[in-house]
Amino acid sequence: MLYQDYGTWLRAELGSRIQKISIDAGLTCPNRDGRVGWGGCSFCNNRAFSPEYCREGETVTEQLELGKRFFARKYRDMRYLAYFQAYTGTYGDVERCISLYEEALSVEGVVGVVIGTRPDCMPDELLDYLERLNRRTFLVVEYGVESANDATLKRINRGHTYADSVEAVNRTAVRGIRVGAHVILGLPGEERTDLLRQAAQIGHLPLTTLKLHQLQVIRNTPLERQWRTHPWPMPTVEEYIDLVIDYMTAFAQSRREALPALPPCVCERFVSSSPASLRLAPQWGLKAHEFSAFLQKRLEARTLMKNNLKL
Ligand code: SF4
């Protein structure tokens, strides 16, 4: 098995249908306020990944209640994870961060917390609290790894190294906390062979979940300026699907070799689709579930081809 399906895994862990609700808790980002850097990562426009119901200025409870109303129409037995997605979910005063997570957990129907953050933003004091929190609720700490290549990380103005990611993932996982990684495929300067090498490196990390997505050029970002000045070719959907399959194959193989006791990683998603009004490229026009269906079809076709060649 290359990977576990995210929805199936969540249901097995939590025993009901689960929906993540994104929250903008008003936390900022050290790569924007000067502590680490200015201007942010070259690809980042937080509006591109914040849903409509997620509005800074409204409390965590208000945002969760809005999100619940939005999703409750789908299934009556739905339970929720509070997803601290916007900016850096562990940045700022530790006591304030803790009170935000606790507020989220006090909302009816919320059965856990997912915290998105940078690898250089996890103080020991907060990790101590998260270790305790993990014993009483469902918790995932998701680190933006983005790339395993320091030259790329510098080029996109990320403000941390791959060694920072390795350290943060290990420090968190050793405490028994589920750790996720977010990786972007197709960052400027990264070719297919670089990415397959990267997959093998990241496969060595004790991750529970992995989130991949294609590079998107979003309006009002430094990447937009680079794209407009020197546009580079974007992969077609078919090329990207083959890349994802090869990436996951290299990742899974490396994980089996390095961490044989761990089950296959849970893959949360392979593609991202920011609002069309903000997205300049690529223009695939596919929703995540359509992409997953294409990926599954291609995976089956490739397995069939491989088996035929063996005959
Ligand atoms: S991607 Fe995260 S770390 Fe980078 S600028 Fe955006 S919020 Fe900050």
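Mentor: We will take the backbone features, then the ligand. This is a predicted model, in which local features need pLDDT of at least 70, side-chain atom pairs count only at pLDDT 80 or more, and totals for chains, interfaces and linings use all residues. Residues are numbered from 1 along each chain as its sequence is written, and side-chain values use heavy atoms, with hydrogens and water left out.

Trainee: Which residues does the cis peptide bond join?

Mentor: Most peptide bonds are trans. Here Ala281 and Pro282 are joined by a cis bond with omega about -5°. Pro282 sits in the loop between strand E10 (279–281) and helix H10 (288–310); helices (H or I, at least four residues) and strands (E, at least two) are DSSP runs numbered from the N terminus.

Trainee: What is the phi of Glu146, and where is Glu146 placed?

Mentor: Most residues other than glycine have a negative phi. Glu146 has a positive phi, near 65°, and belongs to strand E5 (residues 138–146).

Trainee: Is Glu146 buried or exposed?

Mentor: Glu146 counts as buried because its relative accessible area is 4%; buried means under 20%, exposed over 50%, partly exposed in between (1.4 Å probe, protein chains only).

Trainee: And what about Asn157?

Mentor: Phi of Asn157 is also positive, near 60°. Asn157 lies in the loop between helix H5 (150–155) and helix H6 (162–173) and is partly exposed, at 33% relative accessible area.

Trainee: Which residues surround the ligand?

Mentor: A residue is near a molecule if one of its heavy atoms lies within 4 Å of it. The residues around the ligand include Cys29, Arg32, Tyr87, Arg118 and Arg158.
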